[in-house]
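I opened my notebook to look up a few things in this structure. Below are my entries, in the order I made them.

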Amino acid sequence: MVADDAAIVAAGLSHWFGRGEARKQAIFDVDLTVARGSLTVLVGPSGSGKTTLLTLMGCLRDVQQGSVRLLGQELAGAPERQLVALRRRLGFIFQAHNLHESLTARQNVLMGVQVGSRRPRGDENATAVQILTLLGLADRIDYLPANLSGGQKQRVAIARALAGDPEVVFADEPTAALDHDSSMTVIGQLKRLGRGRGMTTVMVTHDSRIIGMADRVVTLEDGRIAPA
Amino acid sequence: MTAILTRLLGRLPIGWLQLTHNRARLIAALAGVAFANVLVFVQLAIMGSMSIATGRPYDFFEAGLMISAADADSLTDGSNVARQWLFQALAHPQVTAGAPLFVGNVTLQHAGTTMSLTTFGVDPAQPGFLAPALRGYAELLTLPDSGIIDRLTRGLEPGEADALGPASPVTLEVRGRTLTLYGGFAGGGGFGVDGYLVVSDQTFLKVVQNRQTAAPDHILLALAPGADAGRVAHELRALVSDRTLRIRPYAQARAEDIAYQQTRRPTGIIFGFGVVIGILVGLVIVYQVLSTDVADHIREYATFKAMGYRQRFLLGIVLEEALILALLGAGPGYLVARALIGGMRRATGLPLELGAPTVVAVVIGTVVACALSGALATRRLASADPADLF
């Protein structure tokens, strides 16, 4: 695979937490290339470094050693302004949905539309409603998160991540709170966007149904990529 | 409201939505801001009333310049001045007239009430130095033991004061003499006196102890039309042989008296501190509210950061909240303060007022204070680390 076809290229990536004697290495010399438009799943036991690797590739954590090229831009040593601009081209789906409790479902999704959207302003509301409807929340559009079930909240969070037309989506157990049908709808949508727009998805999951639908499965063990 | 703010801000009014999401906390926050506003409004009204009360006796007279002793920081304080300086001043070509002004305090009993009155002794033969409202009484003041009294004097019944006139005079006992009051004028009590009394210089010397004709408290000077009071005052300082005298334009003397009362007298300093404390209380309350709010929403702010929102967007949310608290808290604060000030005015007779400029200044000050608190509270946003969300 040539670099231009890659959404993410990590090379010699290592990462530590803590300082001094308490310093502990979480990622060891990882080399990983993620193709554009693919659905890549990171699996591995708890504490194997999946989430750390996800946050490093998603420019949420500073690269300490090695290199990460995301959408053609080097993250190591990149200024905050560049990282903020890059994040606008990404979508994040958190295991804990992290919805804004004061905003309705539509308003939460609008926040995702407005930050990364290249659509005209007038279309933003329609986009938010459309994607919520697609995820089966047409009758919950103006509900506050407190009045939504766990699965509904997670679908709003997914809608928020996808609403801004991201080029790469980073997801941490996105279907953990969803039933089978909803999980299949979400993964189907992510795959469709991958095929249609070249959207790349990197996902941490233990859900075997999703693992079976992935283009590539990367297994981490003790901070290292295990041989396939 | 959300739609209006969305139009105004060009984005979702997240600050407004956050504040209104927790109604109980919003009400508590607004009560805090309103309380701080009440403190500031009331203290400013008291400070303002002190300025009004200090400046009011100057309104009883008209002059271009005033000569006072070096230690005369106010109309009622300080040593006497020798009357000879009046004659020296008259040598200046632009000084057209001069008159001594005696100031003293008399205590008198009336209808079972003890009244303390600041008493002015003036030369009734020079009515030009009296304000128009008092000038008409100049001839009556030439009568022995006559005077005119402040109708708003505390202890004077309103009906009695209104009925006062040349045809229906009232008599009072002052130091064993019967003083006949032939009229009244609008004054009002101050912090140290119940009202004002104006008598002739001759009557003054009878009702106030240990005073002499040759040693008034101040000397009032009238200037030729178009004369530059500042320049004449400067020239008089060179002309008059006592270099320690304070020779000032009359308006400057009034302004300096007010500044002296506000900044150097204990009452003024205490009221000034009251204003500062009110502002500090408001700052602390708003900071506490906003700081807690930021802490409560730290994961949501971190999410915004992960999504690519800039730090200034987050600062905007906090400042939006600060401005909303300031504007919504100022209204109830003003209404409560107005009610309190009205009650205090009726109880004390002090000229307590809340003028439009004061209200506007306090609202602007509240907005600035809340924005400052908001800016301080945003320091907590630095701890919103999007990496912690996973």
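Predicted model: local features only at pLDDT ≥ 70, side-chain atom pairs only at ≥ 80, totals over all residues.

**Entry: E320(B)**

I then looked up where E320(B) sits, and found it in helix α13 of chain B, residues 311-348. What does E320(B) touch, apart from its neighbours within four places in sequence? I listed L9(B), R11(B), P13(B), I14(B), G15(B) and W16(B).

**Entry: where the chains meet**

Next I turned to chain A and chain B together. I noted 29 residues of chain A in contact with 24 residues of chain B. The size of an interface is often given as the accessible area lost when the parts come together. Here I wrote down a buried area of about 2,400 Å² between chain A and chain B. Carbon and sulfur atoms give 64% of that area.

How many salt bridges are there between chain A and chain B? I found zero. Polar contacts gave another count: six residue pairs between chain A and chain B, both residues at pLDDT 80 or more. I also asked which elements of chain A give two or more residues to the side that touches chain B. They are α1 (50-57), α2 (80-87), β6 (90-93) and α3 (105-116). Of these, α3(A) gives the most, with six residues.

**Entry: helix α1 of chain A**

I went back to α1(A). Seven of its eight residues are buried, so α1(A) is largely enclosed by the rest of the structure. The buried ones are K50(A), T52(A), L53(A), L54(A), T55(A), L56(A) and M57(A). Just after α1(A) comes C59(A), with a positive phi of about 50 degrees.

I looked at D29(A) next. Its phi is near 45 degrees, a positive value in a residue other than glycine. D29(A) is in strand β2 of chain A, residues 24-35. Is D29(A) buried or exposed? Its relative accessible area is 54%. The cut-off for exposed is over 50%, so D29(A) is exposed.

N98(A) has a phi near 55 degrees, again positive in a residue other than glycine. I found N98(A) in the loop between β6 and α3 of chain A. Its relative accessibility is 8%, so N98(A) counts as buried.

**Entry: salt bridges**

Side chains of opposite charge can pair when their charged atoms come close. How many salt bridges are there over all chains? I counted 19. I then followed some of them in chain B.

I began with D77(B) and R265(B), whose side chains meet in a salt bridge at 2.9 Å, N to O. D77(B) lies in the loop between β1 (65-68) and α4 (84-89) of chain B, and R265(B) in the loop between α10 (250-263) and α11, so the pair ties together parts 188 residues apart in sequence. D77(B) is partly exposed at 25% relative accessibility. R265(B) is partly exposed too, at 28%.

I moved on to D194(B) and R154(B), which form a salt bridge at 3.1 Å, N to O. This pair also links distant parts of the chain, 40 residues apart. D194(B) is in the loop between β6 (177-185) and β7 (195-200) of chain B. R154(B) is in the loop between β4 (146-150) and α7 (158-163) of chain B. At 16% relative accessibility, D194(B) counts as buried. R154(B), at 25%, is partly exposed.

The pair D217(B) and R211(B) has a salt bridge at 2.7 Å, N to O. Both D217(B) and R211(B) are buried. I also found a network: salt bridges that share partners join D73(B), R246(B), R248(B), E256(B) and R264(B).

I checked L280(B) and found it in helix α11 of chain B, residues 266-296. L280(B) has 47% relative accessibility, so it counts as partly exposed.

Technical notes:
Residues numbered from 1 in each chain as written. Chains lettered and ligands numbered in written order. Heavy atoms only, no water. Helix = DSSP H or I, 4+ residues; strand = E, 2+ residues; numbered from the N terminus. Buried < 20%, exposed > 50% of the residue type's maximum accessible area, 1.4 Å probe, protein only. Contact = heavy atoms within 4.5 Å. Buried area = accessible area lost by both parts, 1.4 Å probe. Salt bridge = Lys/Arg side-chain N within 4 Å of Asp/Glu carboxyl O. Polar contact = N/O pair within 3.5 Å; in protein donor to acceptor, adjacent residues only side chain to side chain.
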